[in-house]
Each structure stands twice: as structure tokens, then as C-alpha cells.
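The sequence and structure are shown first.

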Amino acid sequence: MIGTSAGAQVQLPPAPAFGEPIIPDSEFEEALPPLDPDLGAPLPPIEDFEMPAGVFPPDPGPVEEAPLGDPALLEPLPPLATFDVQPVDPAAEEDPERPAEIRYTLVIEGLDEVGLTGRFRGLSALHDARGRAANGAMVAARAREDEALAVRLLRSEGYYDAVATSSVEQVPDEPGMLRAVISAAPGQRYHFGDIRIEGPPTEPAGIAREALRIDSGDPIVAAQVEAAEANVLLRLPQQGYPFPELGLRDIELDQETALGDYTLPLNPGPRARFRGFTTEGDLAFDADHVGILARFEPGQLYDRRLVDDLREAMVATRLFSTVSAEPVRTGETAPDGTEYVNILVRQQAGPARSLDANAGFSTGEGFRLEAAWEHRNLFPPEGALRVAAVGGTQEQSLIVRFRRNNWGQRDRQLLIQAEAGRRNHPAFEGYRVQLQGLISRESTPIWQKRWTYAYGAEILATNENRFGRPRVAFTDAYFIAGLIGQLGYDRSNSLLDPTRGFRLLARVNPEVQHRLGDTDYYARNLFEATGYFPFGESFVLAGRARVGSIYGIGRDELAPSRRLYSGGGGSVRGFGFQQLGPKEEIPNPRFDPENPDDRPATLLVPLGGRSLNEFALEGRYRFGNYGVVAFVDAGQVYETEYPTFDNIRFGVGVGARLYTNFGPMRVDIATPINRQPGESRFNIYVSIGQAF
């Protein structure tokens, strides 16, 4: 109902029901007015369109140019180079809208007495900003952060009642300078009371508590608690429990006694023994070869260190891009009630082919460059084929080598090598073909071993002359067959850069030689000892001694390449390669009488010998990644069967070292003492690794 001005009541029609139209569509369309039919007619051409009068004003005609008010505006502009432009100094022109920077000092109270001032400054927001802020509100916000930081640090050290306050105040008589003060009250320090580990017992009993290296009475220090719990997770897998789990620790504090009772829930999981191996992924070798690399046997008590050793051994093969080893439960029970676990090895084989090259130089030997192609797993498992070419001043050869690492057992190698080439040394020149087979246990930069050995056999045919190019003919060739025996003992701390310890090496090579109908039997022997003595952190005194002997054959009957020689970078520095010992003066076949200054008329050719002795003493000083050395080397070669230790020659020198992640690079320069005719004044040696 709606009221009207006359007070009468007007009854409205009833409202339609919900969802019904207010007006029917037919009634709505009938009420619409009809459209003008001309609206659908086409438009006339634009040329016939006439603008109605009065829409635009009439054309005023041409507009005259009005004269400019200032005649100087008509003058040409001056050249740009005549302007003197000066940069604006921001400090000289202050922005009135930019707020002035706030400076402040930081005062720390209450932390120095508990030794936390240094740690606090290292984490402090106020200290990190170095006393600068945009405004006072920013300083206050940083102070509140540092207030909470002080409390966290104190509680992490066992001060659980600690409180801290912060304040920011204006420094008197210093506008724009504030003082931020962090005041801490450590309160009493809490110590451990009772220490309990809750959970199933272990065997032997108490190994978890022994690994949890905290004791009653110790301060409750968060870092020490976390380290102790981590040690539990480390030690249990080393003592037969592969799957330990720690619960959430609980420390109940008593304010009256300042003690905290510590409780650690522990589920050690099943005690386990090794069972076997499974492997998955892109395989470089199968599970059987994984078992060869392992240092544990089925049924042995589980030890995580042995699993880590297995993984490192697989990494050392250089056959994987990624590899992992982890225990997996089998559900099988051993006779003693423990559970068997398998070791699951996940492999992702990496590139097996490689190209490599290495180069070296010394004054006596000249340049030597070796380039090689290798497939490290051409004959799985770990059967490598390497083809190398050597080019240098004194050697040109081709080498084909087959090597199987971890052959039948861990760390044992099988080597079969064929070589053909030419050598042009100071003592002889020759061609040779050699076939060698060797079984060995060797050290590598990754796995340095205490005991090493090698045994095998070799055969070779060689044409050799002590001067001039030899004639390649079977009638002049030496045919040699021999056995190889070598034993080493290494107690040094590094393979390429030892700083302490010692090494011993003994080598015996019985051989038989046939030439021109004569057959000789003899043995070549060598013994070497090296020692390393550190003095402080930066200086090492290193020493070496070597003796060699050949018995059973005269020197002149022995093939020149099988004699003993001395001199060079790996022998007695200061002398050229093979230049130490007895020599024979012979006519120089390349001497030109018409140009006598080009080459000497005679040559001193080393004869070699049947025995030798060598000694070296070297001081090594390292600073950072660089180092310097000074050394004295000594030695001599003798015609006799055993060294007589007389007529010893000396060489002295200095060197530089560049220490890299794969070993030191060395450059040595040395000179002989009491230099003899034909000996170089200086000799230079460049190589990788220390001299010994």
C-alpha cells in the first residue's frame, strides 16, 4: 500500500511470482515504436555532400607573420663548444626534501662476561650496517632485532633465564648522532642433570650412550648437544645398526637447582649383517664386480665405514658420473637373530673415452710430448685400452696398452703392453720392440697404499749402437727376456707432495740376453730409500739414497739400454741425462772440417756401468700456493759389479714450486760442482710432482 496526497488508498496489482517475467515479451515488442525505414538506405557519395551553413567560420584569407617581440631571438645560436659546463656536486646542492642520514654508535653490555660479544657482533643487524641508517625508526627496529638475538645466543649457551633490553638515545651535543644500547642479563647457567636414552636396548649395551658425548654437570650448550646427537647417528651404523632414528629431545629445567634433565628417544633399528649386492641404473659393471671392490664378506657385521669405502673405490674407477651405495633391508634373519641387509648400488655410467696429453722438458733430455686415446671400459669390467704416441727429442714410439684394474681382487692390476719405437739417448741410439706383462698393486693419488708390488715378464728385441744410427737387422739385434720383481713400502703422507714419513723400494730383474750366438745370464738390482722431515708448518727437509748393481755379465757385453746410468731430473741434478759416469771420447761423425766451429771434432759418449750410487738432500719451503727449494745431489756410476762410493760428483741448485690440486709443478735449475769438459754449465728440469 502506498499513501497519496488525498489520503486515499490505491491498490497495487499483485507482484509476479519469483521467476515469472514482469511484462510478457509479446507485450514488450508491441509497445516499441517502429524504426525509420530510411535508416537502412545507402549513404550518398561524399562529393555530393554539402556542409550546412554556419558550421565553420568563413576563411579569413592569408595570415600575416607577426613580428617577434625580442629581436635577439632572431640572432643565430652560439657554438656549443663555447659553453662552460660544470658537473653538479650533489654534496654542494642539498635536496631539501631528502632526510638527513642518521649516524649511530653501538654499545653492548652484559655479553662480554660470558664471551659472546664477538659472536653477537658477527650476527648483529646494528653492527652489520656500520653505524648508518636512514632514520631513527630504522635504528630502533634493528635494536629490537639485536635484543632478540642476544637472548637467543645466551640461551644457546645454557642461560635460559636471560633477558635483554634495547634503547636508542640522542648523543648530547651531537646532532644526528644516536647511541644504540643492547643490555643483556645472562642470569644463571644451566647444566645437565640426569641423561637418559629411551628406546630398545642395543648390543652391546650402552653403545648409544657412549656415543652421546655429554655428561652430567656439563653446561647445556646447543651446539654440543646437536654434535653429540649427530655422533650417535654416526657411530651406531659403524657398529651394526644401519637404520637408527632419533626422536625429539626433551630437556626439563629446574630453576632452583639450575639443572636440566635430558631425555633422548632412540630407535636403533635392527642389528644387521651384510648379505649381498644389488645394482641399478646405467651400469658400468655388474654386481659381481661390485663384490670384488668391497672389503667385507657376506655375514660380516654391518659397518658404514666399509660401505663408504666401497663407494670411494667405485668413484676411483673414473667410470661414473654419479654413484651411491646404501643398505636395504631384506627381512631375512641370520642365525644369531640379526637381520641381513643388501647393499644397493645406484650407478650412472659416465664417459669412458678420453684424450690426454702431457709434456716435459729438461736440458739433458729435451722435450717430450705424449698424446693418448683411452677407453677405460672397452672390455668390462674395467678393461681399458690405451693407444699412445710419444714424440720428443730423444724418443719416438707407439705404445698399445691393455689394463684391467681390480683384476680378480681389489687393487690388483693386470697390464699387457706392446711398444715399438726409436730412442736416441746420449749413451746409445737404437730401435726396439717390446712386449711386457705385469701384475701389480700400485699407489694412486686417490689410493695411496702402504705395500705395493709388481711381478711379471718381458721380452724385447733391440738394435743399438753407442754412436751413430744402428742398422736394423736381426743379425745385430739383442734379444732379451727377463722377469720383473718389485716391492715397495710407503709410510709417507702424500704420493706427489710428501711432507713426512719415508719410502722404501727394492727391484730385482733377472734376465737372459742372446746376441751373435752368445747367451748371457745376469740380474739387475736396485734399492732406494727416501725420507721426509717437517720443521714447523712450512719447511720440509727431504733426503734420498739409491744404489744399484748388475752381476753376472761384463759391462761391454751388456746391451747399452740395460746398463745403469745416472744424471738428470730424476737422478742427479746438475748433470745432463745419462751424463754422469765414465765416458769414451770418439770422433764426431757429423764434424765438418770446412766448418769446424759448427760442431766439435770429438764426442764424449757415456759408457754406463754395472753399479751406481746416488744421494740427494733438499730443503723445501712453502708459502701459500708457492714454494722454493734448495738442493744438493751427488752420485757416480762404476764399471765394477758393486758401487765403490769414490769419485762422487756433486750438483747444486734451486727450484720453484707451484702447488695445485693435483700436485706441485716444479722447475729446477742446477749446476755441477767442478764442471768437466763437455758438461753443461746449467741444467733446467720441468715436471709435475716433487723430484722425489
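Helices (H or I, at least four residues) and strands (E, at least two) are DSSP runs, numbered from the N terminus. This is a predicted model, in which local features need pLDDT of at least 70, side-chain atom pairs count only at pLDDT 80 or more, and totals for chains, interfaces and linings use all residues. Residues are numbered from 1 along each chain as its sequence is written, and side-chain values use heavy atoms, with hydrogens and water left out.

Q: In which strand is the place of I251?
A: I251 touches I220, G260, D261 and Y262, not counting residues up to four places away in sequence; contact here means heavy atoms within 4.5 Å. I251 and G193 are 58 residues apart in sequence and 9.5 Å apart in space, C-alpha to C-alpha. The strand that holds I251 is β9 (residues 250–254).

Q: Why does I251 count as partly exposed?
A: Buried means under 20% relative accessible area and exposed over 50%, with partly exposed in between (1.4 Å probe, protein chains only). I251 is therefore partly exposed, as its relative accessible area is 26%.

Q: How many helices and strands does the protein have?
A: Of the 692 residues in the protein, buried residues make up 37%. Among contacts between residues at least 6 apart in sequence, 56% join residues at least 24 apart. The elements of the protein number 8 helices and 31 strands.

Q: Which residue caps the N-terminal end of α4?
A: Helix α4 (residues 136–156) has 21 residues and reaches 30 Å from its first C-alpha to its last, close to the 30 Å expected at 1.5 Å a residue; the expected span is 1.5 Å times one less than the number of residues. Its buried residues are V139, R142, A143, D146, L149, A150, V151, L153, L154 and S156. After α4 comes G158, whose phi is positive, near 100 degrees. At the N-terminal end, a side-chain oxygen lies 3.2 Å from the backbone nitrogen of A137, and the capping residue is N135.

Q: Which residue's side chain makes a polar contact with the side chain of Q434?
A: Q434 lies in strand β19 (residues 429–441) and is buried, with a relative accessible area of 9%. Leaving aside neighbours within four places in sequence, Q434 is in contact with Q417, A418, E419, E458, I459 and L460. A polar contact is a pair of N or O atoms within 3.5 Å; within protein, one must be able to donate a hydrogen and the other to accept it, and residues adjacent in sequence count only if both atoms are side-chain atoms. At 2.5 Å, the side-chain partner of Q434 is E458.

Q: How many salt bridges does the count come to?
A: A salt bridge is a side-chain nitrogen of Lys or Arg within 4 Å of a carboxyl oxygen of Asp or Glu. One of these joins the side chains of D215 and R209 (3.8 Å, N to O). D215 is partly exposed at 45% relative accessibility, and R209 is partly exposed at 29%. By this rule, the count comes to 44.

Q: Which residues does the salt-bridge network that includes R573 join?
A: R573 forms a salt bridge with E618, the closest N and O atoms being 2.9 Å apart. This pair links distant parts of the chain, with R573 in the loop between β24 (539–551) and β25 (583–587) and E618 in strand β27, 45 residues apart. D668 also forms a salt bridge with R573, with the closest N and O atoms 3.0 Å apart, and both D668 and R573 are buried. Salt bridges that share partners make one network of R573, E618, R620, D633, R657, R666 and D668.

Q: Is R620 buried or exposed?
A: R620 lies in strand β27, and its side chain makes a polar contact with the side chain of E618 (2.5 Å). Leaving aside neighbours within four places in sequence, the contacts of R620 include P498, Y532, S538 and F539. At 3% relative accessibility, R620 counts as buried.
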